[in-house]
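Reader: Hi! Could you walk me through this one with me? I'd like to go topic by topic.

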Amino acid sequence: MLDITINNDTIPRDWKKAIVVPVHKGGDRSVVKNYRLVSLTSVVCKQMEHVIAGYIRQVWENRDWLYEGQHGFRPGYSCKSQIITVCQDLADSLDETTRLNVIIIDFSKAFDLDPHDRLLKKIAASGVDSRVVIWIREFLIDRSQRVRVGGHYSEEVRVTSGVPQGSVLGPLLFLAYVNDIWRDIESKIRLFANDCIIYRKILNIKDVEKLQMDLDVLGDWAEENEMKINPNKSKALSFTRTRVKEPLNYSLGDQKIANIWESSNEVIYAGLIR
């Protein structure tokens, strides 16, 4: 079946249809944003996705292509491994009696916004076979979905962007899309899928300015790649041994990032796993 679909550059129409089921994340059940949307897709297609995903992982591993600061959806990596890395950097900074300024970035609807044409270019640049790129294109385009709530269904609508949540390939495709997020950024940037944290040791005012410049670069990347950063949910905090709480004046675009002052690593942990 894999040879047939790849060599014919086509995928059965039923494989592109999804039933979207809202899964409650917590909070008020009457609020739409408190639900995560999961796409239920063809079981046969999922088996094909597993084959494609295994091939892609092998290519990326052989080329050491994925950004080392990305710990999401990768064998041998996890939220815990990312926390350990960040906390070690934090401990080193405190041991050196320097300050570490941290910005936790919130991306809005990250899996839903990826433009397919840009995503396909990034996948092609990762070194996978061109036939696989074509298969993924067919997997993404002309998709449709309808929402199921209880025993009721919405009308079927077309899906023009994003990757299907609940699919096998979805997480890998998203990793490919955000893999270049670190370029031109001097501060450290760590990711767990779409959760992002950027931080820098602060020795003088120039380091403060450089961190803001990196935030500007991140904002430009998000705009270029049609990813939306939510400044209201993004947070700034500082780790230091001093008792003097200096205000943090970082911003995304023309909107100031809210400050959090903490003396432990619990805020970072919460920010990465939310």
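Reader: Which residues is Thr98 in contact with, leaving aside its neighbours within four places in sequence?

Author: Thr98 touches Ser93, Lys201, Leu203 and Phe239 once those neighbours are set aside; contact means heavy atoms within 4.5 Å. This is a predicted model, where local features need pLDDT of at least 70 and side-chain atom pairs count only at pLDDT 80 or more, while totals for chains, interfaces and linings use all residues. Residues are numbered from 1 along each chain as its sequence is written, and side-chain values use heavy atoms, with hydrogens and water left out.

Reader: Good to know. Where is Thr98 found, and is it buried or exposed?

Author: Thr98 is in the loop between α3 and β3; helices (H or I, at least four residues) and strands (E, at least two) are DSSP runs, numbered from the N terminus. Thr98 is buried, at 11% relative accessible area. The cut-offs are under 20% for buried, over 50% for exposed and partly exposed in between, with a 1.4 Å probe and protein chains only.

Reader: And Thr97, buried or exposed?

Author: Thr97 is exposed, with a relative accessible area of 62%. That residue lies in the loop between α3 and β3 (99-105), and has a positive phi of about 55 degrees although it is not a glycine. Most residues other than glycine have a negative phi.

Reader: What about the phi of Phe73?

Author: Phe73 has a positive phi of about 55 degrees, and it is not a glycine. Phe73 sits in the loop between α2 and α3 and is partly exposed at 37% relative accessible area.

Reader: Switching to rings: how many aromatic pairs does a search of the whole structure find?

Author: The search finds four. Rings of Phe, Tyr and Trp (its six-membered ring) pair if their centres lie within 6.5 Å; planes under 30 degrees apart are stacked, over 60 edge-to-face and the rest tilted. One of the pairs is Trp60 with Trp65, which is tilted because the planes are at 35 degrees, with the centres 5.0 Å apart. Trp60 is buried at 5% relative accessible area, and Trp65 is buried at 19%.

Reader: How is the pair of Tyr67 and Trp182 arranged?

Author: Tyr67 and Trp182 are stacked, 5.5 Å centre to centre with 15 degrees between the planes. Tyr67 lies in the loop between α2 (43-63) and α3 (79-95) and Trp182 in the loop between α6 (170-178) and β8 (188-192), so the pair ties together parts that are 115 residues apart in sequence. Tyr67 is buried, at 11% relative accessibility, whereas Trp182 is partly exposed at 31%.

Reader: Nice. Which ring does the charged end of Arg74 sit over?

Author: The charged end of Arg74 is over the ring of Tyr77, 4.1 Å from its centre. To count, NZ of Lys or CZ of Arg must be within 6 Å of the ring centre and within 35 degrees of the ring normal. Lys122 lies over the face of Tyr177, at 4.3 Å from the ring centre.
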